[in-house]
Amino acid sequence: MNIYDIAKVTGLSIATVSRVINNKDNVSPKTKDKVNTAITKYGYTPNSMAIGLATKYSRTVAVLVPDSERFFSVAISTIYKKLEEYGYDVLLYCTGNNSEHIENYFNRALAKNVDGVIFVGSLFNIDDLIKEKQTPPIISINGKESNLYHTVRCDECLAVKNAAKIAYKEGKRSFLFVYNFATYSAQQKINGFLQAMDELGVDKNSYRLKMINNNNSFDVEIDSNDIWEDIVFCSGDNLAIALVNNLPKGKTSIVGFDNSTLCNIVTPSISSIDNNLEMMCVTAINILRDLLNNKEAPKTTEVPSKLVRRSSF
């Protein structure tokens, strides 16, 4: 039994049956009941390929992530479960950070006639990728804002600025921000850090930025004497864990970013800024569904962040 059979036994068009299956609004209750009764009676399971041929929709969404580790694994899991709930298949591409590879994966996704593309993270230069291309709706999760696609993001600049101000209020007077990649996301966090220092009137000799190349691992060689500040803000939890493992316990307060499950696997447990990644993913999918149903959606949607306190601060 397929979509064509359901159309035949109900005496309806394939497009009408598809609208019922996809929960479209422009179908009468009587028609919905007729189709759903037939689906139940004949044990029909929607076939995305058949629906795609009949409606020009593939019921498939491409998801591009730099890798499947840690931060991105949460996004992948959340996106997959939510899209599956709505009856979509997922094409997952782990692109790495090579621009030619990213473009190749993106073109492969478009060639498969996907209904939408979701980019996760700030690594991607989406504007260049979609230049002069006809594309389905594109959603960027925590990437750059653009008029060419829709973005769901956490205001990471404000998140770091607010956390730094909390630290100052609690008596911290020297500050360090460490990062490992010069991404758009890292720059937003740096901007927030520097704005806080300026607004708080912190002496320029009492704060600094430091880049540590640890390739996202938890093992980093660092001279503990090189970190003398009261508190260190990290661009990600992996860096915070690396510092906790290398600095004398209790010497310096440490704050990570992402509030991943990793924060509880070390001693002391790590305070971290929660950017509400799961909320971003769910919001992105809801926006995609609105766009596919010809509804309007804001170009940029922001989700709130919060500082989750643990032992390290």
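## Close-up views of a predicted model

**View 1. Cys263 and the cysteine closest to it.** The sulfur of Cys263 lies 10 Å from the closest cysteine sulfur, which belongs to Cys234, and this is too far for a bond, given that a disulfide is counted when a pair of cysteine sulfur atoms lies within 2.5 Å. Cys263 is buried, with a relative accessible area of 0%, where buried stands for under 20% relative accessible area, exposed for over 50% and partly exposed for what is in between, using a 1.4 Å probe and protein chains only. The model is a predicted one, in which local features need pLDDT of at least 70 and side-chain atom pairs count only at pLDDT 80 or more, while totals for chains, interfaces and linings use all residues. Residues are numbered from 1 along each chain as its sequence is written, and side-chain values use heavy atoms, with hydrogens and water left out.

View 2. A disulfide is a covalent bond between the sulfur atoms of two cysteines, and a search of the whole structure finds zero disulfides. Cys281 is in no disulfide, the nearest cysteine sulfur being that of Cys154, 12 Å away. Cys281 also counts as buried, at 0% relative accessibility.

View 3. Asn259 is found in the loop between strand S9 (253–257) and strand S10 (271–274); strands (E, at least two residues) and helices (H or I, at least four) are DSSP runs, numbered from the N terminus. With a relative accessible area of 19%, Asn259 is buried. The side chain of Asn259 is joined to that of Asp274 by a polar contact of 3.2 Å, and to that of Arg310 by a polar contact of 2.8 Å. A polar contact is a pair of N or O atoms within 3.5 Å; within protein, one must be able to donate a hydrogen and the other to accept it, and residues adjacent in sequence count only if both atoms are side-chain atoms.

**View 4. The surroundings of Asn259.** Leaving aside residues up to four places away in sequence, Asn259 touches Asp237, Ser272, Ile273, Asp274, Val308 and Arg310, a contact being heavy atoms within 4.5 Å.

**View 5. The whole protein, for orientation.** The protein has 11 helices and 12 strands, and its C-alpha trace spans about 80 × 35 × 35 Å along its principal axes. Of its 313 residues, 49% count as buried. Among the contacts with a separation of 6 or more, 62% are accounted for by residues 24 or more positions apart.
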